[in-house]
Amino acid sequence: MMSQKKNENNIPNYYLYGTVLTRYGLASLNHDIRRGNKTILQKGYWNGKIHSFVGSSAIRWALRFYLQKQGYLVNRVWDDDENINRLTSEYFDPEQFYDDDIFGFALLESAETEEETSPPRRKKKQTKASTPNQRMGALGMNMAVSLTPYDGTVKLGAKSGREKDSTSLHFTEYHATRYQYYFGIDATHLKDFSRILPLIDGIMNLPKVGGSSNIFNYPFCPDSFVFEWTNHFAPYISYCFEYYDPKSKEAKFTQEFIDEVECGQIDPSKLWIGGTIVKELQQLDNFDNSLLNRAHIYRNRNELIADLKTVIKRDLGLEESK
């Protein structure tokens, strides 16, 4: 194992990495408000083909919303009536607030401006901030990409009533697919190590990942996932799922991921594999003699999370602190 810089609690750095595969569902309007009479999906190229995306900011919002609804103290509180985040305190405090610690923050000061009557290069005095300007969050989140290419499907609708205009006919892009997304948590960067536990719960119970005003609500709770609990700074498990064929909604592991485990690049004892992918995994040729068989493998996702939390508590010294 590579050498690790220890924190003030004398605990080696620990990281939880993961790739999550969602359930099969219908996705629409996952990044923006309606534009005229078209409601479009966010899209881009992935493996040479056009896929639909769900932005990482939408997933992060859902995690913060979960923490808020579970009663954890968050600084940016979502107002359901106004559809905006309200700050509990303008002075960000990662010691006090879960979201300031987990997601980080940045105080962007206004740019200095010159007074119209002032000589050139003479600027207003700045007021020094009484709080840290920024904090890198413990959670890194990447966007979700569809498992299958976008096939261009569109739903046609029409506005009710007698009066019609140029937007009376409207079109909505939608995608029947699964999504996979990748995240990383620097557990020992947290001011309170125990905050990784509700964050894991949030990933397992993601609510309302969708478009503006909850116009669409895609099922983002994990169908399958691969977690890696490790001391290593860099993982090799990102985006490790793929589909069998375009006409199938079933998923499998990429050959690249399997090869990384079999060659010893990924330590299988650090892997936690859960969900419906387990059945497909166990049907691989020579699975009984495979290094993958040494991973922590659970068909029941809840049982996996319970056992993983036990290991995390042990490694982070949370049991002793209690």
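Visitor: Is asparagine 286 buried or exposed?
Guide: In this predicted model, asparagine 286 sits in the loop between helix H5 (277-282) and E22. The cut-off for an exposed residue is a relative accessible area over 50%. Asparagine 286 has a relative accessible area of 52%, so it counts as exposed.

Visitor: What is the phi of asparagine 286?
Guide: Asparagine 286 is not a glycine.

Visitor: Where is asparagine 47 found, and what is its relative accessibility?
Guide: Asparagine 47 belongs to the loop between strand E4 (43-46) and strand E5 (49-54). This residue, which is not a glycine, has a positive phi near 55°. Asparagine 47 counts as exposed because its relative accessibility is 70%.

Visitor: Is arginine 64 buried or exposed?
Guide: Arginine 64 lies in helix H1 (residues 56-69). A residue is buried when its relative accessible area is under 20%. Arginine 64 has a relative accessibility of 10%, and therefore it counts as buried.

Visitor: Which residues is arginine 64 in contact with, leaving aside its neighbours within four places in sequence?
Guide: Contact requires heavy atoms within 4.5 Å. With those neighbours set aside, the contacts of arginine 64 are Arg76, Asp99 and Phe103.

Visitor: How many Å apart are the end C-alpha atoms of helix H6?
Guide: Helix H6 covers residues 301-315, which is 15 residues. At 1.5 Å a residue, H6 should span 21 Å. The model agrees, for the end C-alpha atoms of H6 are apart by 21 Å.

Visitor: Within what arc do the buried residues of H6 fall?
Guide: The buried residues of H6 are Leu304, Ile305, Leu308, Lys309, Val311, Ile312 and Asp315. They line one face of the helix, because, seen down the axis of H6, they fall within an arc of 165°.

Visitor: Which residues are exposed on the other side of H6?
Guide: The buried residues of H6 include Leu304 and Ile312. On the other side of the helix, the exposed residues are Asn302 and Arg314.

Visitor: Which elements do the buried residues of H6 pack against?
Guide: One of these elements is a helix, H3 (196-204). The buried residues of H6 also pack against strand E1 (15-22), strand E18 (222-230), strand E21 (271-275) and strand E22 (296-298).

How values were computed
Residues numbered from 1 in each chain as written. Predicted model: local features only at pLDDT ≥ 70, side-chain atom pairs only at ≥ 80, totals over all residues. Heavy atoms only, no water. Helix = DSSP H or I, 4+ residues; strand = E, 2+ residues; numbered from the N terminus. Expected span 1.5 Å × (residues − 1). Buried < 20%, exposed > 50% of the residue type's maximum accessible area, 1.4 Å probe, protein only. Arc of directions from axis to C-beta.
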